[in-house]
Amino acid sequence: MGNSNFPHINWTTRQSQAPGSKLIDLTNTNSLQQHVNASTRRNNILDLVMTIPDLSVNGLEFTDKIGDHQMIDFTLEIHDPNTRTQHKQVLDYKRVNFELMKEELGSNNYEVLMSNKNAEECCVILKEKIATATKLHIPRMQIRPTNTPSWFSQEIKRLINVRKQSYKRLKRCQTETPLSRTYPRLQGC
């Protein structure tokens, strides 16, 4: 959000003469959306509200003037796509009944089912049979929703645990020497 001072940019076509071409390239490269569609100073759109596609801008309206610029009022809605609000169902492969599944798939006479069919039709028949056997013999389980951010990977979690364990060892040793010299010796504490 801010004052761009590039009056030559046409935000409808996303084209500009030389002074604004770098800003257009930046917005296109980063998939930014520009939400202001009306002039904010004279006949130009100079005051911009840019977001990534995941963010919603609602209630964008022009209110008072500050100097010769229009003031923009809006609401920004942020949705975290990685925060699950509902339980997700997945197949529980640990509890598959392979014997019944094998029996189900083996009981079909594929020569009769696929006679006078081309390769694509045979593939569709086989996919349907496998899907039916999957529904019948692979149970589903629910995964609880989590509120962990998308950047919090297993590697980061592991490194945090290593840091916590090192700190506990340091406290247990009760040393007054700097951590940089003590850390290699903490293995034996």
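Reader: What pattern does the protein chain follow along the sequence?

Author: Read along the sequence, the pattern is β-α-β-β-β-β-β-β-α-α-α-β-α-α. This is a predicted model.

Reader: How many helices and strands is that?

Author: The protein chain has six helices and eight strands.

Reader: How much of the chain is buried?

Author: Of the 189 residues in the protein chain, 19% are buried.

Reader: And what share of the contacts is between residues 24 or more positions apart?

Author: Counting contacts in the protein chain with a separation of 6 or more, 44% are between residues 24 or more positions apart.

Reader: Change of topic. At what angle do H2 and H4 cross?

Author: The axes of helix H2 (residues 98–106) and helix H4 (residues 119–137) cross at roughly 150 degrees and come within 10 Å. Because of that angle, H2 is roughly antiparallel to H4; the cut-off for that label is over 145 degrees.

Reader: Left-handed or right-handed crossing?

Author: H2 passes H4 in a right-handed crossing.

Reader: Which residues make the contact?

Author: From H2, Leu100, Met101, Glu104 and Leu105. H4 contributes Lys129, Ile130, Thr132, Ala133, Thr134, Leu136 and His137.

Reader: How many of those are nonpolar, polar or charged?

Author: The contact of H2 with H4 divides into six nonpolar, three polar and two charged residues.

Reader: On to salt bridges. How many are there?

Author: The count is two. One of them pairs aspartate 92 with arginine 95, where the closest N and O atoms are 2.7 Å apart.

Reader: Is aspartate 92 buried or exposed?

Author: Aspartate 92 is buried, because its relative accessible area is 9% and the cut-off for buried is under 20%.

Reader: And arginine 95, buried or exposed?

Author: Arginine 95 counts as exposed, with 52% relative accessibility.

Reader: Which residue does arginine 158 form a salt bridge with?

Author: Glutamate 155, with the closest N and O atoms 2.8 Å apart.

Reader: What are the relative accessibilities of arginine 158 and glutamate 155?

Author: Arginine 158 is at 43% and glutamate 155 at 41%. Arginine 158 therefore counts as partly exposed, and so does glutamate 155.

Technical notes
Residues numbered from 1 in each chain as written. Predicted model: local features only at pLDDT ≥ 70, side-chain atom pairs only at ≥ 80, totals over all residues. Heavy atoms only, no water. Salt bridge = Lys/Arg side-chain N within 4 Å of Asp/Glu carboxyl O. Buried < 20%, exposed > 50% of the residue type's maximum accessible area, 1.4 Å probe, protein only. Axes fitted to C-alpha atoms, helices over the stretch in contact; angles between N-to-C directions. Helix = DSSP H or I, 4+ residues; strand = E, 2+ residues; numbered from the N terminus. Parallel < 35°, antiparallel > 145°, perpendicular 65-115°, else oblique. Left-handed = near helix turned anticlockwise from the far one by under 90°. Contact = heavy atoms within 4.5 Å. Nonpolar A, V, L, I, M, F, W, Y, C, P; charged D, E, K, R; others polar.
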